[in-house]
Amino acid sequence: KILRQEVDRALDVQVIWGVEAVDHLLSAITRQTPDVLVLDLTFAGNAFDPAGTVRDLRSRFAAMAILILTAQDDPIWVEELLHAGAAGYVVKSDDLSLRLVEAIRAVAEGRPFLSPTAAEALTRTRRRFTLTPRERAILRLAAEGRSNPEIAVALTISDGTVRNHISNIYSKLQVTTREAAVKAAQTLRELPKPGATRRHELRTPLHTIL
């Protein structure tokens, strides 16, 4: 509701639809492709690979710009999503009421946009990874407690492929369990820090919701 209020204040921007389940995302885009897709990194109750989704959507809808709007401010997320093809990244705690429409306009015009926290995070994370993007996606879902079949469904791959990737992860990180792999990956900054997903809540000036 807050996001819609902010956008409605701008005469040159219109919200054409919104979805709360990742299963509805592709059909909504196919039915009515927006100039800018504003995408959060989490869908409640769903296993979701944001970077893989951004890469897939960019390949299918090349003219659609993707703007990340999220509570996630971990540098790993910022770099990975931009590398996957996101045109902009706005952290919800960065004075949303002043930056959101500005960000939408920027990416719609083909210009990149980073909110202050995202820009700062990006300067701290230029590095080479040990794990591949697919391996990191699998390990992130495993860290959420997802089973191999759930990971396979979320990433549209087979159970056997998930097992092979997990075996490769164990080998690269020199571990033998999922728990150890997650801990090692977080220590090496291959995965976001524990608790990063909920470090920030939406903070918007009161006048925008009155």
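# A tour of the sheet and its helices

Two bridges join strand S3 to strand S4 (residues 113-114), and these strands run parallel. Select both to begin. Keep in mind that this is a predicted model.

**Stop 1: across from S3 to S4.** Pick tyrosine 89. Which residue stands opposite tyrosine 89 in S4? Leucine 114 does.

**Stop 2: along S3.** Select residues 88-91, which make up strand S3. Show the side chains. Gly88 and Val90 point one way from the strand. Tyr89 and Val91 point the other way. All of them are buried. In a regular strand the side chains alternate between the two faces of the sheet.

**Stop 3: on to S2.** How many bridges pair S2 with S3? There are four, and the pairing is parallel. Look for threonine 70, which stands opposite valine 91 in S3. Now trace the chain from S2 through H4 to S3. This β-α-β crossover is right-handed.

Stop 4: You now have an open sheet of four strands, in the order S1-S2-S3-S4, with parallel pairing. Why is one side of S1 and of S4 left without a neighbour in the sheet? S1 and S4 stand at the edges and each has a single partner strand, so one side of each stays without a neighbour there.

**Stop 5: helix H4.** H4 lies across S2, S3 and S4. It runs at about 155° to S3.

Stop 6: Go to glutamine 72, in the loop between S2 and H4. Is glutamine 72 buried or exposed? Its relative accessibility is 2%. Buried means under 20%, so glutamine 72 counts as buried. A polar contact of 3.0 Å joins the side chains of glutamine 72 and tryptophan 77.

**Stop 7: helix H3.** Select residues 50-60, which form helix H3. H3 lies across S1 and S2, and runs at about 160° to S2. Colour its buried residues: Pro50, Ala51, Thr53, Val54 and Leu57. They cover an arc of only 160° around the axis, which puts them on the same side of H3.

Stop 8: Jump ahead to threonine 156. Threonine 156 sits in the loop between helix H8 (148-155) and helix H9 (159-173). Check its backbone: phi is near 50°, a positive value in a residue other than glycine. With a relative accessible area of 71%, threonine 156 is exposed.

Stop 9: Finish at glutamine 174. Where is glutamine 174 found? Look in the loop between H9 and helix H10 (178-187). Glutamine 174 has a positive phi too, of about 60°, although it is not a glycine. Its relative accessible area is 74%, and glutamine 174 is exposed.

How values were computed. Residues are numbered from 1 along each chain as its sequence is written. This is a predicted model: local features need pLDDT of at least 70, side-chain atom pairs count only at pLDDT 80 or more; totals for chains, interfaces and linings use all residues. Side-chain values use heavy atoms; hydrogens and water are left out. Buried means under 20% relative accessible area, exposed over 50%, partly exposed in between (1.4 Å probe, protein chains only). The arc is that of the directions from the helix axis to the C-beta atoms. A polar contact is a pair of N or O atoms within 3.5 Å; within protein, one must be able to donate a hydrogen and the other to accept it, and residues adjacent in sequence count only if both atoms are side-chain atoms. Two strands pair if DSSP finds at least two bridges between them. A crossover is right-handed if, with the strands pointing away from the viewer, the path from the first strand over the helix to the second runs clockwise. Contact means heavy atoms within 4.5 Å. Axes are lines fitted to C-alpha atoms, for helices over the stretch in contact, and angles run from 0 to 180 degrees between N-to-C directions.
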